[in-house]
Amino acid sequence: MTGDVKWQKDAADQNFDYMFKLLIIGNSSVGKTSFLFRYADDSFTSAFVSTVGIDFKVKTVFRHDKRVKLQIWDTAGQERYRTITTAYYRGAMGFILMYDITNEESFNSVQDWVTQIKTYSWDNAQVILVGNKCDMEEERVVSAERGRQLAEQLGVEFYETSAKENINVKAVFERLVDIICDKMSESLDSEPAMLAGGARGQRLTEQPQGNNNPNCNC
Amino acid sequence: MNEEIDEYDIYHQDFTTVSEWEVFIARIEEILGEWRLAKSSIPKSAVEYTKKWITKTEEILFLGQKYTLSYHTLDFSRSSDDSEGSEEKPLMTHIHNGLWEATSSFMDDDDGSQFPVSNWFGLKRFLVLYPSFPLVDGSLIKLVMSSANIAFANVDCGVPFFVKIREHWQHTYLGFYEDNQYKISFDTIHLKRISNQCSHLSGLVSLFKSKIASPVALDAVVVSTKFSYELKDFEAFTWKKTTHSNEFLSIDGFDVKKLIELPFGSEKNPTSSVLLNAIWPKFRECTIVESSTFSDIDPLMAPTWTITLKMREKINCQLSDIIQKMMNLLEDNNLLMDTLGLSRSLGLVNPLHKITEAPITISKLVKAAIGQGRNTSEFKGPIADDLLMPLLYYIFPDAVEDDTFNYTEQLEVEFKQDSSEHKLCSYVKTSPEDGLVWRLSVTAARLYDAGGLAYLAHLWYEFAQELQYRWERRILVPGVAAGIPNARTCLLHQKLQLLNCCIKRALEGSSSFAGNSSEDEFFDCTDDEDGEEQPLWDRPAGRLNRLGEAMLKNGAPLFVPRTQDPAPKTEDQLEEDAELMVRLGDDAKASELRARMMSASLLSDMEAFKAANPGAELCDFVQWYSPRDWKPEGGGSLGDRMLLPGNPWVEAWSVARPVPASRQRRLFDETREAEQVLHFLRSRTVSGAAELLLPAILKAGAIKAIEEGVTSGTNSVGGVDQRRTYEIAARDLYEAEKEACRALCMRTVLGSSVEGKPLDSSGRARVLHATGGSLPAPVRKEFTLRVKDAVAPQVMRAALAADMTIVGAFTERIVCL
């Protein structure tokens, strides 16, 4: 299951040190595409065309002087697309599991999505639960507390976000990258021989953790 | 004139003559500073230490020679918040406590540290200056020691400092530690021969006392002693090896059961020696006497006996040997079929060559089944038919009447959640236990081990031929989990699942052609009164069921259509798809292109929907397909997202014709897919075939190891790629196998007792019985002498074997008048 994880250097593209594949999943119209566009392009459009199947965007970030290329896959949330999208779960190192705080059903589906991740992804894939559209306070039906409780129960981290107001979007991605890096260093610790592999085996967590504050938008 | 002197020059001119010696000291100080080893930086309250050593090293040049300065510390849990309240003691006290506590262990115990000094003196942290050459010259040793002393004092170092002296193989270290009250000297003497004075306890005690040179009378010295006896070639300890041979290859005695039994364990006795340690943990001097003329010491009277097993450095493990042989194939990039000289006839030489032509030969199984005679032009592999046929019947048991080796009905793929304790190699992709992939892989490994690459190639060839035959005759491959390719199973298993999907589809296809009944395609719409009046071309087709109470915009009930399932794919195909999409880039145009690539399924569903719901609009389709983009207002309308211009949904809807799934172009072309699977298998390189076979071999090995009593898995998580994962798994298995060999030896020698722990009385009786009631002369004697005088604990240890090592830690008060 681990054989698929891609974080090696791509020969064609020397502009990064690591590559992480991330997936955004969740029910239809919870705001996955908007969330991705806010992060990758810093733009917001009130409505995106409903995603057909699967699409992706690329963003390169710096973490401890290392360029990390994020290949972020955006998926269609419709039931009919499950078979197609779950096929792409393999090799993903992180998942952003999103629901819409103004839509009860999307929150109720979170457990299903977790099951999908467990079934189709790499065992060490990291997950962050995200309640999107937190700018629409007057239409809220899922309290932040319920979101937090569910996240705790699932053993994942939790953020409320707004792609529209640009709240916590960057923080979610940065935290996810941090968690993945930590996990990677952990596996490297138990696998010292991997260090022999040169640059790709370098530890990522040698420096003290930077900003873990969930409310930090820096 | 004076005013004209340039200040810059003064401040930047070096008026000192720095000697090499000073540079050396300064360098040591610099490193100690960098590592923050001043007394003020080291925690003085009690902390919990783990057993893990952390090491830092730096290199230093002195007089043209290289020295390595290293710092070693036990990792400790940083519960500093809690321990803040606990009492802070001087570092010297911690060192003295450690020294005293360590006297309960012996010099040959292992604390996991790189240097023995931590074990000898109970140190939690220490520094070692290790010269790259044997430091034997007395004056140089003095020079280095005094340099270390000065640097130590200058930074007020809080960690004992050792210098490695003499030959590298000799464990001789000179060390010291001091604060403003006390100084500890850590001394080592190593003699290649045992001096007479020190060969017995009384001599050592007087040496110890003379070293302390206490002005007042000492308490009685407390002594621990360990005498070790080597037990060799005793009947009771002989190794019983498990037999492993390739006798299954002999035609007369061919037995599939012997074949599938993977060998395990060491071929030779992996024990190099068994040491019996007779231990007297604590007695006062004079209670037991050992001098040059008289000895009280009788091992049979020792309060504690322990056993230490020494294993051979390199154990040849049989399972690991087989796995390693397969692993070595990963380097061979020739076509596997080249081994048999078959590449050309199979059309594998030219990659552009079509592979769809009929196979040159037909499978052995086929011939056996249809009772054909032998064809002279037929390919003759290296494995004799008498051997080959039972092997093939074992892998394809449904080809023969005999059901000894039939696969179990329900082949389940076990994932690690189900069996958390069987962690060994859990990160290797699996396939159903004792399924076809499993049997093929184990058979291949055994054949390769016994007959070389030609045997492996021959088996692979027959395997591919049999699959070809089954595809052509639409016979399902047995021993494969049902359903679409499961990405959690190994690739070979996925390929066979895909082949079975193709065979199933082909079977369904031919049956529906034969009896072209309308039941499948037309939903029974008796409720639908308009149905009769509708013209034939507009009759609803391919309905599955109603969608609850949902209505079309035109008021008719909404029917869910029968749809085509997305094409099943194996992981390598999915990877190819993803790569293709990635290569398009991530701009808006590429995104649109991707949406188009992905819309084959959407279009097929739309066409099926239109066929099932004549007169339906896009908003009706969306009501079923993407309910959140549907608004109930006015009998149904599209949500904002669906109204955006350039919308692939609108575009697809506009070109979709009403065609039920049964009459649509197949999203899944079973013929093409099946041919691709077969070609994929035939065209593997040696390394490619090994990659396909290894997961099941490793898994079978892991299960074998667990059957043999290996309990501990490792925490490995697999590697970054497949190869690396295999290497890690092979290494884990080797460790497990070695451990199992060791455990087996333990059981033979120790019975129910544990190595290194005191033997119970029955254990002692067993050992004594095995040795015939008496013990040979000890091969090693060790004494630990300790006493607390007015200053601090004083400790000396002596180990006497062929050579002699005496180490001591002596504390004196620094007298400042």
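How many bridges join strand β1 (residues 18–26) of chain A to β3(A)? Seven bridges join these two strands, which run parallel. This is a predicted model, in which local features need pLDDT of at least 70 and side-chain atom pairs count only at pLDDT 80 or more, while totals for chains, interfaces and linings use all residues. Residues are numbered from 1 along each chain as its sequence is written, chains are lettered from A in the order in which they are written, and side-chain values use heavy atoms, with hydrogens and water left out.

**Strand β3 of chain A**
- Nine of the 10 residues of β3(A) (residues 66–75) are buried, so the strand is largely enclosed by the rest of the structure; buried means under 20% relative accessible area with a 1.4 Å probe, protein chains only.
- Strands are DSSP E runs of at least two residues, and helices are H or I runs of at least four, numbered from the N terminus; two strands pair if DSSP finds at least two bridges between them.
- Ile24(A) has Asp74(A) as its bridge partner in β3(A).
- Strand β2(A) (residues 54–63) pairs with β3(A) in the antiparallel sense over 10 bridges, and Arg63(A) is bridged to Lys66(A).
- The hairpin of β2(A) and β3(A) has two residues between the strands, and His64(A) takes a positive phi near 50° there.

**Helix α2 of chain B**
- The buried residues of α2(B) (residues 20–34) are Phe24(B), Ile25(B), Ile28(B), Ile31(B) and Leu32(B).
- Seen down the helix axis, the buried residues of α2(B) fall within an arc of 125°, so they line one face of the helix; the arc is that of the directions from the axis to the C-beta atoms.
- Arg36(B), which follows α2(B), has a positive phi near 55°.

Terms used. Expected span 1.5 Å × (residues − 1). Buried < 20%, exposed > 50% of the residue type's maximum accessible area, 1.4 Å probe, protein only.
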